[in-house]
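I opened a new notebook page for this structure.

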Amino acid sequence: MNYETVIGLEVHSQLLTESKAFCGCSTKFGLPPNSSTCPVCQGLPGALPVLNEKAFLYTIKTALALSCEIQSFIKFDRKNYYYPDLPKNFQISQYDKPLAYKGELEIEWDGKKKKIGITRVHLEEDAGKLMHDAAKGLSYLDLNRSGVPLLEIVSEPDMRSPEEAGVYLQNLKSILQYLKVSDCNMEEGSLRCDANISVRPEGEKTLGVKTELKNMNSFKAIRDALASERKRQVELIQKGEKIEQETRLWNEESRVTVSMRTKEETHDYRYFPEPDLIPFTVDTKEIEKMKRSLPELPQAKKKRFISEYGLGGYDAGVLARDMEISDFFEEAARLSKKPKEAANWLLGDIARILNEKKTSIGDTALKPTHLAGLIKLIQSEEITGKTAKGILGDVFATGKSPEEVVKDKSLTQITDSGELTSIIDAALKENKKSVEDYKKGKANAIMFLVGQVMRKTKGKANPQKVKEILKKRLNNA
Amino acid sequence: MNTVKACISRIDEVNDKLNAIIYLDKEKALKQSGTPISIKDNICVKNEPTTCASKILEGFRPPYDATVIEKLRKKGFALMGKCNMDEFAFGSSCETSRYGPTRNPWDTERIPGGSSGGGASAVAAGEVPMALGSDTGGSIRQPAALCGVVGIKPTYGRVSRYGLIAFASSLDQIGPIAKNVKDAALLLGVISGYDEKDSTSANLPVPDFMKSLTKNIKNMKIGIPKEYFPEKGLDKEVSAAIEKAKNTLKGLGANPIDISLPHTKYAVSCYYIIAPAEASSNLARFDGDQYGLRENASSMIDMHIKTRTMGFGNEAKRRILLGTYSLSSGYYEAYYLKATRVRTLIKNDFSAAFKECDCIMTPTSPTPAFKIGEKISEPLSMYLSDIFTIPANLAGIPGISIPCGFTKGGLPVGLQFLAKAFDEETLIRAAYAFEQNTDFHTKEPKL
């Protein structure tokens, strides 16, 4: 019996507003504990919320990018529950009228295009952060995060595998970053994801019992947790046992999900409309205006990169995924008029360096003009491809342009036949054995000799020219 | 007479008996000049004890001023400590305070009304010329009536709630308590105005309320709603005083007309679903985590339970339970949602009525002040004290209570005017005209 997996994802993303959802405190990450608070986000008696307009607009923007319908009547609700990281013991959220609903996100998975449904998008406030010191038996509460605006995006249970879920999340992250509404950093907690998963016999239409998975702190953890839970559910069903509808926590160490709470303990949140925030209506004209001013999104950009620059699908996709990279690429392509070369550098050596340094391209000294310059230098044969790699490293380190580096380090490629010939002759003299090997018919010996010349010129000789001249000299010798 | 020094002297004289003012830093007070004013204990005054007369806020000193306090400071008022109240404003008699009841200066065996009983008593006794109270279901107007002083509940949104420790967010308003209409109007003008920190405050200009002190109410149409003059439940002396007042107003050129507010009978039930529901959520934050009382226990949940059990009085517990119940899954539609719809009907009654009349007059309280201890064990009976004041809160309209007579036993009777939203001017005009043509406001209790 084959089982089909049914997955839905619930994503929370912190919005990149300057201030919190309902007060003017800064949302900056990493500040000293409890240094960015006020009576409102501390939940002090008498304090009142005021809606952050930008948070609201960012939510609408995201909803439009996800092709959602926008609610015309905007209201907030109180979600009542007790937890020390929730100072008011209720969260201002949205219940029955989320800001947006009925949207979709198109992904490319397994060679096919597929639309994942978006059930709802709404705005709410984040809770504070608790840290536990088991040794001291103390818990510490940091309210800096309390009140930070959160986007909640709930998908339809349209995904059919952990990998597909990962692709959906990657695409969603892309869009949020593109719109500059979130930085989607899972390590810093600005992107969080819970999952709902159930299984059913293939061909079966009704959904199986679902479990909710929490505590997955990376893309890999999400995929692993879903795979682990799928296995657990299938095994239970095969044994004839029932799946319990519950919340399970992913345990990174033991690599399994563990039950957190059962249905009996589920909260009654006693939702009711937030009386401290007056509902309002949205101007449809404003919505239309916002729709028109949305930036080009990753999918559309990928298509354009394929048609406009002649890039392959995979390369176009990777470049389009990150707005900083894609903007960098387009500028470098424009300046150098060599899009394929620019793409190769970005996807190859530059990507490697960024990965090593764990940084984003915007935070480095590398500029599109530098890349274009590098490409031009190679085209004009002023430097070799190999030298270029070294120069790249220097540009990253110093911020100097490639031209400056070439000048400073005298890296100009040696292409002058005369100059090359004397170096080659010297190399031939120093490597008489290789010359003999070559003459005996060992073709590879020439590569060794090319290598020796490259060494003598510190990589500055043009290898093709060297080989050309070497051959002539060897044949004449 | 209205200097800080004189007030302190009077407070020293009578406050032990009345228990109206529960906190006063005399040294600090004497450093101030300006009109003395005492503040209800649910309004945040920076670094001063603000406890809502509850054990659960023991030791809490807010790190900020309520907006109304900022306004008072700016205008140079002298803050004279905190007045007693029913715990968290839950009450109509000022008996649920953890500091003990406040007494009515006209008869110290009797309640001053509630929940702003401390403020009304203090003003009536001459401890301070003015006080700030709060009104959710009548908590300014009813004590004003029972203590023979003036109290105004502004239109919902007229005065900022920022810094008012919330009871029912959609009903609460801060308002003035004073000896006469002029002072109440002046204080109303000071505290009113749009506040960007309060999303429910109205972005409307504040009229100069002093301009309404004209004494001219010729041709003013005054609606007399038959539902506020029931056969049973309205004290005979109260209805007699109101009848007399009606004639006085007629004599001044006003035109009383009969009106009906048909949904009045649902108001108390509607209120006692909505208000406790909002209160149950507003009071959830009091759990011993950050400030106030914290009882020791071995687990977080036990600490919360113990703190709230020890910290809240019986009426607070009653309302939290009631509110939680009516919001809970399976009951929300039948209770809370239904009540909000009834609320709209009550509001519509007033809108319709104000097409026929300029303002409405009613008794403020169905009875004069009752004895301390008389109703405290009968919550439902206590709740009915607010039968005439509650509808205005549900509808969001402004109301004023002014003295209009005395019972044979010498207890004050209050007259209430109601006007349409943001028309406090009509209230002040009607009240002032009545007041200036009578002498009830000049009488003082013999303490």
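My entries on the chain contact and the pocket follow.

**Entry 1, ground rules.** I work with a predicted model, where local features need pLDDT of at least 70, side-chain atom pairs count only at pLDDT 80 or more, and totals for chains, interfaces and linings use all residues. Residues are numbered from 1 along each chain as its sequence is written, chains are lettered from A in the order in which they are written, and side-chain values use heavy atoms, with hydrogens and water left out.

**Entry 2, the contact.** I looked up who takes part. Chain A gives 30 residues and chain B gives 37; contact means heavy atoms within 4.5 Å. Then I looked up the buried area (accessible area, 1.4 Å probe, lost on being put together, summed over both parts). About 2600 Å² is buried between chain A and chain B, and carbon and sulfur atoms give 57% of that. Pro45(A), Leu48(A) and Tyr82(A) supply 23% of the area chain A buries against chain B, more than any other three residues.

Which residues form a salt bridge with each other? I use the rule of a Lys or Arg side-chain nitrogen within 4 Å of an Asp or Glu carboxyl oxygen. Across this interface I find one. Arg161(B) pairs with Asp276(A), the closest N and O atoms being 2.8 Å apart.

I turned to the second largest pocket, with about 1300 Å³ of space. A pocket is an open set of points on a 1 Å grid over the protein atoms alone, where a 1.4 Å probe fits, with protein on both sides within 12 Å along at least five of seven lines; lining residues have an atom within 4 Å of a point. A volume is the space filled by probe spheres set on the points. Of its 34 lining residues, those closest to the centre are Lys173(A), Gln177(A), Asp322(A), Thr359(A) and Ser360(A).
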